[in-house]
Amino acid sequence: MKSISLRKIIAIASTFVLTAGLVATAQSSAQADAGLQPTANQLADWKGKEITYYFYNDSQAELDTTKSQIAAFEKLTGAKVKLDVIPFTSLDQQLQARIAAGNAPDVARLNNPGFYYNSALNLETFFGKKYVNDFVKGSTYQVTDPSTKKLVGVPYDLSMNGPFINVDQFKKAGVPVPTSWNWTDLIAAAKKVQAANGTEYAFAMDKSGHRMSTVMSQFGAYMVDRAGRNVLSSSRFRATKALKTITDLYKADQAPRDLWIGTGTKYSSPVSIFVAQQTPVFFSGNWNLATLARDAKFNFQVVPNPKELNGGGWPGGKFLMAFKTSKTPDLAAYFLYYLADANQMEEMCKKAFWIPTRNDLVSKGITYPTRSADMEIYLKDTAATPAAAYGIQTVPTVIAPIYNKLRDLMTEVMAGKITAQQAIDQQIAFINTQLATIKK
Amino acid sequence: MMVSPSNVTKRRRSTFTWRRRLVPYVFIAPNLFIFLTFIIWPALRGIYISFFDSMDGSQFTYVGTANYKAIFNDPTVATIARNTAIYVVFYMLISTLLSLTFAIIINQQKFARGFFRSIVFLPVMLSPIVVGLIWNDVLDRKVGPLNTLLEAIGGGSPGWLVEPKLGMISAIFVGVWVHLGFYTIILLAGLQGIDSSIFEAATMDGATRWQITRRITLPLLKPTTLIIVILSTIHGFQSFDFIYTLTGGGPLGATTLIVQYIYERAFQSPIQYGLGSAAGVILFLIIFAFTALNFLVGKRREAI
């Protein structure tokens, strides 16, 4: 009994010392360019230890860069990182199952951090309260535990929605590449290019409520404000107009209606339709850039988001979290810190066309080696995105159902089952029920 | 002290009997272990979890029967129950009738019976996910081979996966296509178990092929047919994987069945393990009730 207690005491003490070391070095290294460096004691302790990184990627470039960063991390710490690559579509399903089975990874790249607050490590214990200030304000809402107000993860990249166009097809149709436009211009141009090139569709958008929120924001309609209130009713008519603008294209078969209606509750992206040159305009986001740069056999480019009442796009992002069940929490936390530090994030941004979440990188600016003009447009759209667009991020646990309901209601409008107005009214009622679950 | 030979024989006999009794259990022990660990324990755990609420699988809050109440108050459940009922009834009826027909035809086949049996059985060996993907391509409204063919003969281009009614028809068709071979093989085995002298006698008495089928084959196949009805009912209720890749539960939720409801509650955002488990328990009770009913009806008919 005594020896167990002693072991426990030693374990607690060493964890405390290591944690204190990390906090101390984090605070003292605030000025250092190299970022937080592990101490000699930590290096000795971490040598030969293994942690698991649960990861999904949108492009091959992300995976390749992650592998090279892991190799550098292993060299730096002497620890081993096992990379578990998971498809995006089963990301939450598999992670939930692993947590439930007591087999959580040490660190994970996530899309819906709100589901994991109870399982996540409090990063302030390791890196201090000021660590949150390293990141762009607003980007940390989704990784701040609403009950404890502690930082339980970090924003890993910001994503920005917006349109891609097939430049070759625009040229052939004699339609100039837009530098600024509204939705009427976009649709007119898309239809003209479709007619000139004989493409199957004029426009295609990811099957996603998140993407639709971009259009709604441009028309001045929002679902949840920063105080976590349902504000869709106050912009009901603008939201209806936005919804009708998109669903009319699908109803008229000028957008891939079958892809949207025929896939039920599954996510589907028309990226392959754009790559096959069957639509001149593809409305998605910056995460497609690396894949399109590799696969598209034609000239394409990112163009600014259409501006109605508002310009800009709609923010999204991915996050990193470390888990409480880690056998080496300090190593897991440090790995997370390492991936999100300025050097690694800058490398990832350059190679995988990410938008940084760190204040230092935002102020310094990123020079993208290729497709810098495209990234410039995303960065301008990020700056032009209204603050109201971040409101929904204050209710992280109900974001997914709210977006999914919007997607499903759009399907009903496209199929002619309900009107756009009815869809928005139903969405208002649904948001109320979702927000009520948080208040409970 | 001397031990009498009769005592030794008795002891040996008793050891032998004890061993004979034990051996079967030793043989089934590995399977039993797997069955208890991977079927019974998760099922019991599922029933237990159905009374709790959990979003992460690590923290559970006791909610009593709230999950069951939530399911019955969910307005989408009525539509899903209706979809499931339509799917199960048509799937079971078509599967049973077609497999019976196929089994009788193949059984009467003198030439290349093995070949036809293999052809019918082939879809059973495909992964359901692959089946869904293949038929998704075949039934595509714009570029699918089926509609290309239909258009060529002036049949238009129906939205097999886009129109709700056609979506359900497509799902039933693919479901039947997947499992038909399995049921046919079971019925074929049943057919081959019937004494051929009964058929010979009927033929000698001047019975036609239809009369033989109606008066001899079908009545003697009743026990096997009952198994097919039970199995197809269970499969119908459990259908999910190929439907999910075929239609995703669409169009407009027309092919969303109860298992997809369970899957989406348990594994998709927002994750609700308790609700998913409660729906699983309800599905178990429904299948159990139908199976018992089928069995009892079958038994009663047999008795009559």
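## The A–B interface

In the predicted model, 29 residues of chain A are in contact with 27 residues of chain B. About 2,200 Å² of area is buried between the two chains. Carbon and sulfur atoms give 50% of that area. The count of salt bridges between chain A and chain B is three. One of them joins B:R141 to A:D253, with the closest N and O atoms 3.2 Å apart. Polar contacts between chain A and chain B come to 11 residue pairs, both residues at pLDDT 80 or more.

On the chain A side, helix 4 (91-100), helix 10 (257-261) and helix 17 (399-414) each supply at least two residues that touch chain B. Helix 4 of chain A gives the most, with six residues. By type, the chain A residues of this side divide into nine nonpolar, 12 polar and eight charged.

## Helix 8 of chain A

Helix 8 of chain A spans residues 209-218 and is mostly covered. Of its 10 residues, 10 are buried. Among them are A:R211, A:M212, A:V215 and A:Q218. At the start of helix 8, a side-chain oxygen of A:S208 reaches to within 3.0 Å of the backbone nitrogen of A:H210. Just after the helix, A:G220 takes a positive phi of about 85°.

A:H210 is found in helix 8 of chain A. Its relative accessible area is 13%, so A:H210 counts as buried. The side chains of A:H210 and A:R211 are joined by a polar contact of 3.0 Å. Leaving aside neighbours within four places in sequence, A:H210 is in contact with A:N161, A:W314, A:P315, A:G316 and A:Y403.

## Strands 1 and 2 of chain A

Strand 1 of chain A covers residues 50-55. It is largely enclosed by the rest of the structure, because five of its six residues are buried. Strand 1 pairs with strand 2 (residues 80-85) of chain A in the parallel sense. The pairing runs over six bridges. In one of them, A:Y54 has A:D84 of strand 2 as its bridge partner.

## Two buried residues

A:L361 is found in helix 15 (residues 359-364) of chain A. At 2% relative accessibility, A:L361 is buried. Beyond residues up to four places away in sequence, A:L361 touches A:A342, A:M345, A:E346, A:P356 and A:I366. A:C349 is 12 residues from A:L361 in sequence, and their C-alpha atoms are 9.9 Å apart.

In chain B, B:N83 is found in helix 3 (residues 75-108). B:N83 is buried too, with a relative accessible area of 4%. A polar atom of the B:N83 side chain lies 2.8 Å from the backbone oxygen of B:G253. Not counting residues up to four places away in sequence, B:N83 touches B:M168, B:G253, B:A254, B:T255, B:T256 and B:L257.

## Salt bridges

Side chains of opposite charge can pair when their charged atoms come close. Over all chains, the structure holds 23 salt bridges. One links A:E62 and A:R109, with the closest N and O atoms 3.0 Å apart. This pair connects distant parts of the chain: A:E62 sits in helix 3 (residues 60-77) of chain A and A:R109 in strand 3 (residues 107-110) of chain A, 47 residues apart. A:E62 is buried at 2% relative accessible area. A:R109 is buried at 0% relative accessibility.

Another salt bridge joins A:R358 to A:D360, the closest N and O atoms being 3.1 Å apart. A:R358 is buried at 7% relative accessibility, whereas A:D360 is partly exposed at 34%. A:R371 and A:D374 also form a salt bridge, with the closest N and O atoms 2.5 Å apart. Here A:R371 is partly exposed, with a relative accessible area of 26%, and A:D374 is buried, with 4%. Salt bridges that share partners also join A:E62, A:R109 and A:D157 into one network.

Conventions:
Residues numbered from 1 in each chain as written. Chains lettered and ligands numbered in written order. Predicted model: local features only at pLDDT ≥ 70, side-chain atom pairs only at ≥ 80, totals over all residues. Heavy atoms only, no water. Buried < 20%, exposed > 50% of the residue type's maximum accessible area, 1.4 Å probe, protein only. Helix = DSSP H or I, 4+ residues; strand = E, 2+ residues; numbered from the N terminus. Polar contact = N/O pair within 3.5 Å; in protein donor to acceptor, adjacent residues only side chain to side chain. Contact = heavy atoms within 4.5 Å. Buried area = accessible area lost by both parts, 1.4 Å probe. Salt bridge = Lys/Arg side-chain N within 4 Å of Asp/Glu carboxyl O. Nonpolar A, V, L, I, M, F, W, Y, C, P; charged D, E, K, R; others polar. Pairing = 2+ DSSP bridges.
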